[in-house]
Amino acid sequence: MESWNVPRPAALPAQPDRLSIHDTSAGRQRHPGNTAEASLYVCGITPYDATHIGHANTYVTFDLLNRYWRASGQTVAYVQNVTDVDDPLLERATATGVDWRELAAEQTALFRSDMEALNVLAPDHFVGATETVDWIVNAVEQLMANGTAYSVPGTDGDPDGDIYFSIDAAEAATDWTLGSIGQLSAADMVQVFPERGGDPHRPGKRNPLDPLLWRVARPGEPSWDGGSLGTGRPGWHIECSVIARRLLPVPFTVQGGGSDLRFPHHEFSAAHATAADGQPLAKSFVHAGMVGLDGQKMSKSLGNLVLVSQLLPQGVEAVAIRTALMSNHYRSDWEWTGELLQQSTERVARWRQALSHEAASDGRAVLEAMHRALSEDLDAPAALRELDRWAESANAGAPAPAPAPVGEDSTPDVRTVANSLLGLEL
């Protein structure tokens, strides 16, 4: 699948890797692992609607992590998927009378343009679930063979042969236990499972929380040759597990996504991988908070959306949107407001004004201060405050002295630092 085009950030003087980030699976902050080479998987969109601010918040969060690692002199392998076949997409396509493939392609293209506007570095691999069906079939067949997956008989109009993952069998055979990734209580998992695509009441399942791996073909639904599984299509969680295993180290450094993916998605993606080969999916699991509007979580299902693609034609600068997103700590749940956007627009103006008063050594000082702030659990608000402090001082001072000579050892200017480290195009 085609990715998007954002230039790699300009090289900065390498900073020490002091990162301490909150790992959901550990329940605390810690270094995520890896020092010279880092690897990142961020779960992508189900493309049945446009990129809203909640989506943007997640992808900007992990773009900061990507940029932090690069500023620390590390190489980064980054993979993101697109769930381009799933129930919500098919339901929207039916409701609107649009072919599901056209809807997916249209919304994926819009997502790419939004990511370009927000200056989010493109993944090395941007992979649609429909591109990986053969991989998924092989993985599910492996789980069937080792006893951690099973077939459910048909009932109430459903055909025989849907394949489910066995939580109990996986717990008996591996080090994974239910709840070890998402760190939710049993009661919370029971509550949110049906809200997030689960089917606890499906007859024939061994455990109500067992997730679907392969859905055999139904009339009017897209389907693929599933080999010994029969014709059908993938379940949700298995796609990310399989894509990550194919394209990233085992285990990779950070699994990222919104906090609503802690369970069931990341819980079961990790379980599937471990059940297949005995190895953890990732070293750390990092989750961004939810963005609200008018007192409710912003979501497609509720329709209370602020869309990036609507703000931009209104004359809102993408750098102001990105600044607004980074004004809140990535793990917090917060509310989008017009006031926040206005404040962010004004901040950007002050930073730009200060660039004309920049001293030769300012760039390195700002880089060190902002990188140190990000080292503490990706504290973007603190990093922005460092930029504010520099701008206030620069705007209050005399005109800038002559710039430093250009050379290998010269300090980067503040504009370069802000772009490379924070993704802010000033």
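Modeller: Let us start with strand β3 and its pairing with strand β10 (residues 252-258): the two run parallel and are joined by three bridges. Please keep in mind that the model is predicted. Within this pairing, valine 42 has glycine 256 of β10 opposite to it.

Strand β3 spans residues 37-42, and five of these six residues are buried, so the strand is mostly covered. It also pairs with strand β4 (residues 75-82), again in the parallel sense, and here six bridges are found. One of the facing pairs consists of alanine 38 and, in β4, valine 76.

The loop between α7 (237-247) and β10 contains proline 251. Valine 250 and proline 251 are linked by a cis peptide bond, with omega about -10 degrees. A further cis peptide bond runs from phenylalanine 263 to proline 264, where omega is near 5 degrees. Proline 264, however, belongs to helix α8 (residues 262-277).

The whole structure holds zero disulfides. For cysteine 43, the nearest cysteine sulfur is that of cysteine 240, at 3.8 Å; because a disulfide would need the two sulfur atoms within 2.5 Å, cysteine 43 is in none. Cysteine 240 is likewise in no disulfide, and its nearest cysteine sulfur is that of cysteine 43. Cysteine 43 has a relative accessibility of 6% and therefore counts as buried, the limit being under 20%. Cysteine 240 is buried too, with a relative accessible area of 2%.

Asparagine 119 is not a glycine, yet its phi is positive, at about 60 degrees. It sits in the loop between α3 (100-117) and β5 (125-128), and asparagine 119 counts as buried because its relative accessibility is 5%. Aspartate 377, also a residue other than glycine, has a positive phi near 55 degrees. Its place is the loop between α12 (362-375) and α13 (380-396); with a relative accessible area of 2%, aspartate 377 is buried.

Arginine 215, in strand β8 (residues 212-216), has a relative accessible area of 19% and so is classed as buried, the cut-off being under 20%. Its side chain makes a polar contact of 2.8 Å with the side chain of glutamate 221. Leaving aside residues up to four places away in sequence, the residues that arginine 215 touches include Asp162, Thr231 and Arg233.

Finally, there is a sheet of three strands to note. It is open, has the order β13-β12-β14, and its pairing is mixed. β13 (296-297) and β14 (334-335) form the edges, each pairing on one side only. Strand β12 (residues 291-293) and β13 run antiparallel and are joined by two bridges; one of the facing pairs is glycine 292 with lysine 297 in β13.

How values were computed:
Residues are numbered from 1 along each chain as its sequence is written. This is a predicted model: local features need pLDDT of at least 70, side-chain atom pairs count only at pLDDT 80 or more; totals for chains, interfaces and linings use all residues. Side-chain values use heavy atoms; hydrogens and water are left out. Buried means under 20% relative accessible area, exposed over 50%, partly exposed in between (1.4 Å probe, protein chains only). Helices (H or I, at least four residues) and strands (E, at least two) are DSSP runs, numbered from the N terminus. Two strands pair if DSSP finds at least two bridges between them. A polar contact is a pair of N or O atoms within 3.5 Å; within protein, one must be able to donate a hydrogen and the other to accept it, and residues adjacent in sequence count only if both atoms are side-chain atoms. Contact means heavy atoms within 4.5 Å.
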